[in-house]
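Student: I have a model on screen and I want to learn how to read it. Can you walk me through it, feature by feature?

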Amino acid sequence: MQLYAPTSTTPKRKAFRAPALASLQGTRIGILENGKLNAEEMLGEVAQLFVQRHGCTVRTLASKSNASAPAPGNILVKVAQEVDFLLTGLGD
Amino acid sequence: MPGALSRIHEVPDDLLAAIDYCYEQGWTDGLPVVPPVVDRVKAMLEGDSRPAETVIASHPATGLELSLHAAAVNAVMAGCLPEYFAVLVAAFEAMDRPDFNFHGSTASTGGSAPLLVVSGPYADDIGMNADVNLFGPGNRANATIGRAVRLILRNVFQMIPGISDKSTQGNPGKYSFCIAERARGNPWPLLCEEQGYPTGVSSVTVFAGGGFCNVENHGGNEPEQILGSVADAMANYGCITLGQSVVILAPEHMRIVGDAGWVREDVQHFLFSHAKRTVEGMKGVGKYRDREYDRQHGEGAHALVEPGFVHRGLSPDDILITMGGGDAGGHSCFIPSWSRGRGSIMQHSPVGMRVDRAQK
Amino acid sequence: MVLCTEPFKVTARNIAGVLGLPDYPFLLVQHPIGSCTLPELKARAEVAYRQALPILLQD
């Protein structure tokens, strides 16, 4: 008996991580919050630890209007140009 | 970009072993499936003249694509007949729109299931049920079309319970949640007509349904009494949000409303005006948000929005209402949207007509 | 840096794999966040910060 698989045939993606930072001193942080309760506050508290301990600056705070949709490409492009690393959240 | 055809699995020529094989592969919703043999999939595809590799939906976060072929495989597994395929395809073409957000509504802890409401003559043509036991069980078309939706979400889009589907408690509708709108005895235009489709064209409306609330009222005999109980269900503290609503009125209730001359718009306005809670009440249960109140009451607020209250939805148009169910019984229902904000907006698509994804 | 809570660890790993980075390191903190008080958020932030350091510097 021959059965078709019910799964997608979309080819697997490949991606790569950003290169390591040489130092955290003075780096620029972006925050992308997803609109969930306390998301902005949580990410802000993490960012503040970097500000206090490494002299980082928080360059940009962006918000997703829809927590479960991908961030719009234009937001990511803009933020990526302005920061050294981004803080964001997933799930609840 | 067209998808490739699915991989073939060779299994022993034994039906029960093939059913077990499908379980072992993780292809089921927990119930046995019809093994997707090649001939049945080919027969299913005859319901759509486009190439089998045609992509009809894609996952916004992962990019995984649903081809007609993969839809047909899952439709066979669900137990669909080929004549049901057009409804399933139309449903995913509607769900593919960004405003529906099928990823969010499926992945969320909120546990919604896509509700399909088929409107128009196609529902009768394929033997769908709009009558007794509207939401099941018992009707092959209703049950299997809804089931195919879930199998596709699981198998094609990999929305797997516990992994990428994090619904806290699930929802029985996640097995199947598909109905036909009742035309017989319906005093209002059908949804497909309201939605602007030409005469004779049927539609499927998709809605991220967060649950099912039976609204019982056997003593009321005025529209305000019946609809007052519906509005109260819509405004219960566990459900009230800015999200949309589906209300299916039982024929007994619709007769009271229709005989009094109320049209759909009258009912939507009444429900929107009455499905509300005070700001103090919302604060008392920890559900008040300034951001949401401002959104409902700020610029562009609907004329029926009342200061000091949080209404369900943003406007009467957020309430889809029609008739369904058996002739006897004062049991209507309210189905809340999964989306507490505007994260999923109901969509509709014509059945049996091609949709060009490039134009969406 | 992607922060998520423990119950979503499996979800995060799954989506990372689908997107082509199966070993992507997440910042994992205690669930929930939505109902946390400020002191609870600060405690979680400290946990996340300590996890983030080696990831950012790829130590």
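**Reading strands, contacts and burial**

Tutor: Start with one strand pair. Strand β6 (residues 203-209) of chain B and β13(B) run antiparallel and are joined by four bridges. Keep in mind that this is a predicted model.

Student: Which residue is the bridge partner of B:V204 in β13(B)?

Tutor: B:S349. Find that pair on screen, then look at the two faces of the strand.

Student: Are the faces of β13(B) covered or open?

Tutor: Covered, on both sides. B:Q347 and B:S349 point to one side, B:H348 and B:P350 to the other, and all four are buried. Buried here means that 20 or more other C-beta atoms lie within 10 Å of the residue's own.

Student: In what order do the strands of that sheet stand?

Tutor: The order is β5-β4-β6-β13 in chain B. It is an open sheet of four strands, with mixed pairing. The edges are β5 (178-180) and β13 (347-350) of chain B, and each pairs on one side only. From one strand to the next, the twist averages 20°.

Student: How do β4 and β5 of chain B pair?

Tutor: In the parallel sense, over three bridges; β4(B) spans residues 113-119. Within this pair, B:V118 stands opposite B:A180 of β5(B).

Student: Which helix lies across β4 and β5 of chain B?

Tutor: α7(B) does. Its direction is at about 140° to β5(B).

Student: Now a single residue. How do I place B:Q296?

Tutor: B:Q296 is in helix α13 (residues 290-297) of chain B. B:Q296 has 19 C-beta neighbours inside 10 Å, so it counts as partly exposed. The cut-off for buried is 20 or more.

Student: Which residues does B:Q296 touch beyond four places away in sequence?

Tutor: B:L242, B:A301, B:V305, B:V310, B:H311 and B:L314. As a distance check, take B:V279: it is 17 residues from B:Q296 in sequence, and their C-alpha atoms are 12 Å apart.

Student: On to chain A. What is its pattern along the sequence?

Tutor: It reads β-β-α-β-α-β. That gives two helices and four strands.

Student: How do I judge the overall shape of chain A?

Tutor: Compare its radius of gyration with that of a compact globule. For 92 residues such a globule would come near 12 Å, but chain A has 18 Å. Its C-alpha atoms fill a box of roughly 65 × 35 × 25 Å along the principal axes. Then look at contact range. Among contacts between residues at least 6 apart in sequence, 74% join residues at least 24 apart.

Student: Where do the strands of chain A go?

Tutor: Some join a sheet that includes strands of chain C. The order is β3(A)-β2(A)-β4(A)-β1(C)-β2(C), five strands in an open sheet with parallel pairing. β3 (57-63) of chain A and β2 (27-29) of chain C each have a single partner strand, so one side of each is left without a neighbour in the sheet. Neighbouring strands are turned by 25° against each other on average, direction ignored.

Student: How many bridges join β2 and β3 of chain A?

Tutor: Six, in the parallel sense, with β2(A) covering residues 28-33. One of the bridge pairs is A:G30 with A:T60 of β3(A). Helix α2 (residues 73-82) of chain A lies across β2, β3 and β4 (85-89) of chain A, and runs at about 180° to β3(A).

Student: And how does chain A meet chain B?

Tutor: Through 17 residues of chain A and 37 residues of chain B. Elements of chain B that give two or more residues include β1 (8-10), α3 (68-78) and α7 (140-155). α3(B) gives the most, with four residues. By class, this side of chain B has 21 nonpolar, 12 polar and four charged residues.

Student: Which strand of chain A pairs with β1(B)?

Tutor: β1 (residues 2-4) of chain A, in the antiparallel sense over three bridges. A:Y4 has B:I8 as its bridge partner.

Student: What about chains B and C?

Tutor: Each gives seven residues to their contact. The side of chain C has five nonpolar, two polar and no charged residues.

Terms used: Residues numbered from 1 in each chain as written. Chains lettered and ligands numbered in written order. Predicted model: local features only at pLDDT ≥ 70, side-chain atom pairs only at ≥ 80, totals over all residues. Pairing = 2+ DSSP bridges. Axes fitted to C-alpha atoms, helices over the stretch in contact; angles between N-to-C directions. Contact = placed C-beta atoms within 7 Å. Nonpolar A, V, L, I, M, F, W, Y, C, P; charged D, E, K, R; others polar. Rg over C-alpha atoms; globule rule 2.2 N^0.38 Å. Buried ≥ 20, exposed ≤ 12 C-beta atoms within 10 Å, placed from the backbone.
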